[in-house]
Amino acid sequence: MARELRSPVPAAPSRVATTRRGGRAIRLPEGPFAWLLVAPALAVIVAVVAAPLAYSLWLSFTDVNLLRTTGPAVELFGMRLPLYRWVGLKNYLQIFDDPLYWASLWRTLYFVGAFVIEATLVGLGVALVLNERFAGRPLMRSLLLVPWSLSRVVVGLLWIGILDFEFGAFNGYMQRLGLLSGSIAFFKDGFSALNVLVSVYMWNQAPFATLLFLAGMQSISEDLYAAAEVDGAGYWQRFRYVTLPALRPILFLVLVLCTVNGFLMLDLIYVLTMGGPANETTTISWLGFQTSFAFFKFGPGTAILYTLTGLCLLLTFLYHRLILARFEPEA
Amino acid sequence: MSPISRRRFLGTAGMLGAGAMLAAEGALRPARADKPINFSGWVFKPDTVKDYVDFYNKKYAGQVKYEAIPWPNYHPTMETRAFSGEIVDVMYCTHNNRERWFENGLLRPIDDLPGADELKKKMTPANLDSLKSKDGSKLLGLPYFTSLFVLIYNEPMLQQAGIKAPAKSWDELVEHCAKLKKDKVSDTPYLPNWNNSPSGTMPQFMSDCFSDGANVFDAKNRVIVDQEPGAARAMERWQKVYKAELVNPEVLTKTSSTDTHRIFWTGRYAYHTNHSYYLKTIAGEPENSKLAPKKAKLANYPGNGQSYMWTDSYVLNAKSKALEDAWKLTKFLGGNLNGDWYVQRQWCLISGLDNPYPEMYDHPDIIASYDRWIDLKLLREQYKKGRVIAAYKEPWYGEYDTKAVAIVHNLIRGGTTVPKGLKELAALQKSLA
């Protein structure tokens with residue numbers, strides 16, 4: 001007997017929406033009605049996201065002086081927004097001509113690369129451990145979040161307390177244990193200081209990666225592991241052929257978040273090195289911050305930071321192509 | 001008990017009601033200043049500031065609202081507020097932002113205000129110059145504090161090494177440090193203020209150049225250190241002490257002068273150069289410093305004794321709608337309202353923050369207070385040798401001052417030769433001017 005097929009979802013809404021005004025029904029086509037519903041949300045997004053973004057992008061093409069009170073301006077909700085002098089690509093050309101920009105860019109790429117690799121590997125490793133059953137696992141999972149939940153200024157101060165040449169706990173304990181005769185100066189040269197920054201930031205951010213990986217692992221069906229075991233797969237084979245492929249979307253997310261966070265990291269530099277010694281820990285975000293807020297050059301400052309935005313978008317696109325392009329989610 | 005008549009009841013109730021209304025309206029309180037005043041400063045002992053603002057409001061019937069803003073973004077925040085139309089009547093302003101605020105109309109000169117001329121006469125000429133506009137014609141604010149670079153030494157450590165008196169010359173200082181290291185009294189005996197912030201390396205650089213008889217800027221505020229033998233001598237000495245590992249190798253990445261001076265608290269260093277107001281915590285706070293009380297001493301700055309001096313200030317907003325009251329508050333903060341140096345004296349007593357009014361230092365409370373941590377007479381002598389610059393009034397100065405740190409750090413670590421490093425400094429200034 002042929003069974004009547006029923007759609008599992010409710011019937012599609014009619015193509016015309018009806019609303020009432022003053023007791024009279026007003027019939028609106030579906031399209032305008034949908035726009036009407038999302039309009040408040042769109043207005044908020046335009047006001048708090050799109051407009052500031054557009055304004056800051058425009059600033060990167062102008063000669064900004066915050067204190068200027070004369071000249072052309074637009075009045076918006078009682079606030080005067082000066083229309084600074086348009087200088088075209090001058091700010092961008094100026095920063096591209098600065099050797100410090102390029103040195104900071106290569107340093108940023110090193111920082112981001114090292115941080116993404118460290119945070120991803122450590123995050124994944126810890127997630128694998130915490131995915132196993134052992135006594136104290138719930139406590140370990142809770143403690144895991146502590147570094148991530150700390151403010152970055154606190155993280156910086158904490159690690160100064162550990163690594164400092166004069167006061168640092170690390171040097172103190174090593175000397176007491178007789179493992180060191182003098183103190184190690186972790187911040188003495190730029191490369192060492194940069195690697196300390198990478199590791200401290202990884203310590204702060206890896207727990208979040210762990211959390212994401214752990215959530216991904218717990219959504220993998222046990223049946224897949226059981227089937228792999230029946231086929232004779234060992235631990236590493238199960239990891240290679242079951243866990244990793246299933247974690248691909250999570251891996252994409254972790255890589256994108258770590259990359260963006262790595263590019264934008266500023267507060268630890270502020271607390272630990274201020275870009276020194278001799279600019280050797282100056283990254284693009286620090287350079288942009290300094291240019292804007294120390295030199296009050298908001299035009300070149302925003303231009304520097306927009307090149308960073310461009311890089312983030314480019315890398316996100318690349319990750320998407322490399323990791324998700326051939327990934328097809330299960331139906 | 002006699003009954004209360006209706007008339008008496010109404011009369012009493014009416015009087016009570018009127019009294020309550022008058023109290024609520026403030027008619028029974030002292031007269032208030034005409035308009036409320038907004039006052040902002042960067043975070044430094046905000047509770048102390050709040051206390052004296054409360055004192056002012058009570059004593060002078062003021063309506064001052066105080067707000068402390070974190071130091072790192074203080075000046076950009078104030079500019080952004082001005083940009084949005086907010087008027088902060090009285091503001092802190094560092095020496096190197098004053099001219100910029102003046103040129104852009106954020107602050108107003110105070111020469112024409114009542115009592116300004118008397119205060120000018122009471123200030124030391126060098127500090128007065130530094131508070132003036134670039135062309136020297138306008139006074140842009142009243143002093144919040146003044147400071148200069150000083151040399152501090154650890155007396156017990158020198159005694160332990162058999163050194164009878166602190167170094168009088170830079171060569172002697174290096175000699176002492178080498179001996180202390182060789183005798184294993186200290187691993188790193190010298191702690192210069194080479195930190196990475198604007199208050200560290202470059203003011204220290206200027207101080208050591210001045211003390212070696214070098215000019216850093218010419219009369220037109222151009223950097224001329226590449227032509228000054230004294231600057232080359234100072235930098236050769238810096239390279240020497242760094243190479244000989246006589247200094248803390250991490251001092252280059254310290255993020256503030258405050259962090260740097262705290263290292264000296266440990267008592268593991270023989271000599272330290274830093275801002276004069278750190279004398280108070282180093283030699284006067286036993287709860288923090290192992291060199292207190294008075295184990296750390298002030299010495300004459302080596303060489304010719306000159307060092308870099310600066311004056312930070314209170315300024316008046318050019319758009320203040322309550323100029324009279326704002327000026328009254330500014331005089332209370334940076335001068336002697338009604339003849340009382342209350343705030344200036346409080347800063348001396350509480351934090352060892354100095355001011356450019358010499359007559360203040362005759363006050364018995366101040367003499368007694370300084371005596372608990374340092375030789376006040378020697379400090380006053382040091383102030384007479386303080387040198388101010390005018391270059392910070394140039395629009396390029398902030399950027400030069402920050403970017404120059406990397407060049408000097410490179411120079412210290414031997415990444416470049418002294419002549420080349422000094423030429424780079426001059427070239428940097430030229431590129432920004």
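Mentor: The answer below begins with conventions, turns to the helix pair, and then covers the other chain.

This is a predicted model, in which local features need pLDDT of at least 70, side-chain atom pairs count only at pLDDT 80 or more, and totals for chains, interfaces and linings use all residues. Residues are numbered from 1 along each chain as its sequence is written, while chains are lettered from A and ligands numbered from 1 in the order in which they are written.

In chain B, helix H10 (residues 229-243) packs with helix H18 (residues 418-432) at an angle of about 120°, and their axes are 10 Å apart. Helices here are DSSP runs of H or I with at least four residues, strands are runs of E with at least two, and both are numbered from the N terminus. Axes are lines fitted to C-alpha atoms, for helices over the stretch in contact, and angles run from 0 to 180 degrees between N-to-C directions. H10(B) and H18(B) are therefore oblique to each other; angles under 35 degrees count as roughly parallel, over 145 as roughly antiparallel, 65 to 115 as roughly perpendicular and the rest as oblique. The crossing of H10(B) past H18(B) is right-handed, the near helix being turned clockwise from the far one by less than a right angle.

From H10(B), the residues Ala231(B), Ala232(B), Met235(B), Glu236(B) and Gln239(B) meet Val418(B), Pro419(B), Gly421(B) and Leu422(B) of H18(B). A contact requires C-beta atoms, placed from the backbone, to lie within 7 Å. By class, this contact of H10(B) with H18(B) has six nonpolar, two polar and one charged residues. Ala, Val, Leu, Ile, Met, Phe, Trp, Tyr, Cys and Pro count as nonpolar, Asp, Glu, Lys and Arg as charged, and the others, Gly among them, as polar.

Chain B also meets chain A, through 30 residues from chain B and 25 residues from chain A. On the chain A side, strand S5 (79-82) and helix H12 (284-293) each supply at least two residues. That side of chain A divides into 14 nonpolar, seven polar and four charged residues.

Chain A itself has 13 helices and six strands. An automatic or database domain assignment gives chain A domain 1 (42-88) and domain 2 (91-324). The C-alpha centres of these two domains of chain A lie 34 Å apart. Ten residues of domain 1 of chain A are in contact with seven residues of domain 2 of chain A.

Note on methods. Two residues are in contact if their C-beta atoms, placed from the backbone, lie within 7 Å.
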